[in-house]
Amino acid sequence: MSAINKYPAESVDKKEKREHAVDGLEAGDESDGPLSFTALIQEDHKHEIKLRTMSWQKAAWLLAGDQVCLAIMAQTWSLSVLGWVPGIITMVGAGILFWITSITMHKFIMKNPQIKDICDFGYEVFGKSKIAYEWTGFMLLANNILLIGFHVLTGARVINTLSDHSQCTVVFSVICTLMGIVMSLPRTLKHVSFMSMFSAACMGIAILLFLVFVGIEDAPLYGYNGDYPTDGLVRTYAFPLPGTTWVNCMNAVLNITFLWVPQILFPTFISEMERPQDFPKSLAVLAGISVFLFIVPPAIGFRYLGQYSTAPAFGSLRVVAYKKASFAFVIVPTLVIGVIYANVSAKFVYFRIMGKSHHAHSNTVIGWGVWAAVMAAIWIIAFIFSEVVPSMGDFLSLLGAAFDSFFGFIFFAVAYWEMYKRELFKGLGRSIMTVIHVFVMAVGLFLLGPGLYAAVEAIIGDYSGGTRPAFSCANLAI
């Protein structure tokens, strides 16, 4: 829906618009159509299971639980590939674009209160296209289920590392899958946000322990070019080292971009807030946490590991006890983040199955039975992917290029166009934002083109060097 009023300006006086506005929104910020957040929240609160109950503080914890993750510890490797200058510029630039695109998303949703997830967002942005809705639904499920599979595999790696590979890796993956199913049973994100508090705290402890250990060690254990000191003494550098391939540089950029693109979840989060207009407060908390954690710890890690950086950086620690002590805390965010993505994915499937049935919002056997079945199916499919995909890391780069180009950039450039297409250059501020969103579109298309090519090349390289067989008992400890 365009942000242009459906009614002539002179036919709606300011008093009437104020009466129909949601408390806390400026007049004109909310949809001018028949739907409003007030009506949607009132309708939701009539149900036995109420979804729209989350405060902005709980939403902030949910966002932090999703973003404070193991991927932070892969940024040290990105810096080792790109060097200080391109690496920091990419990190800061990705953060700025994250804030701008997220605010654009929120503004568009304020104009279209009926949006419940990223699929509804795609439907509205592309002119109420059913094809756009179904394609976005496919991308949502493919992206999230493979991400959950990655977290299943990561959980198995953590247990492998802690137990010195005491069991077949598949056993550990099954354990993580079963834990994920049980933890995913709560229906509302408000309840999941409580898990997110512990998740973010545990990841914070893991990062802090890593920084302490990497600082007190004499030297790292190894890097991708060999054990220390076969590649010389630890050194850092401003730009990529000679011999660094374009594919490696592009994958390092995708690694950074992937961390800054969580917007696939945001419409679902907003739809479960009691005051959706407060989402920018939650976003500001997340931005503050992210700017620090996404840049400072990786920079410190690169300072001490240099060209011996691995992804995750825990693998470069020389002392086994240090590695286990820091990596152990990762098991909590690994499972909780999987729960968050499973909740968003399950809601998309669940409400398509249940439709407007009263079971969808009630504590009935049918309602809970369908929810549990959908959740179990998602985790089991994710488990299968975690076992049969040879290199989940490179496949995630492929996903980042193919899907995050839409979910992090293209969608919001189009949303901006829909909201302001008749006033793109109305004043200096609007003109600057228009130019920025043209750049956002260009970044999205670049990721979809050269970025996708680089990801495919990396996967081809993996296959040429031999791959892990499906359902392998091989030791995946770092």
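Which residue lies over the face of Tyr 420? Arg 430 does, at 3.7 Å from the ring centre. The test is NZ of Lys or CZ of Arg within 6 Å of the ring centre and within 35 degrees of the ring normal. Arg 303 lies over the face of Tyr 304 too, at 4.8 Å from the ring centre.

Some ground rules. This is a predicted model: local features need pLDDT of at least 70, side-chain atom pairs count only at pLDDT 80 or more, and totals for chains, interfaces and linings use all residues. Residues are numbered from 1 along each chain as its sequence is written, and side-chain values use heavy atoms, without hydrogens and water.

Now ring pairs. The whole structure has 26 aromatic pairs. Rings of Phe, Tyr and Trp (its six-membered ring) pair if their centres lie within 6.5 Å; planes under 30 degrees apart are stacked, over 60 edge-to-face, the rest tilted.

Take Phe 98 and Phe 266: edge-to-face, 6.3 Å centre to centre, 70° between the planes. Phe 98 sits in helix α5 (residues 84–111) and Phe 266 in helix α11 (residues 266–271), so the pair ties together parts 168 residues apart in sequence. Helices here are DSSP runs (H or I, at least four residues), numbered from the N terminus.

Buried or exposed, Phe 266? Buried, at 0% relative accessible area. Phe 98 is buried as well, at 2%. Buried means under 20%, exposed over 50%, partly exposed in between (1.4 Å probe, protein chains only).

Next, Trp 246 and Tyr 453: tilted, 6.2 Å centre to centre, 40° between the planes. Trp 246 is partly exposed at 43%, and Tyr 453 is partly exposed at 48%.

Definitions and conventions. Helix = DSSP H or I, 4+ residues; strand = E, 2+ residues; numbered from the N terminus.
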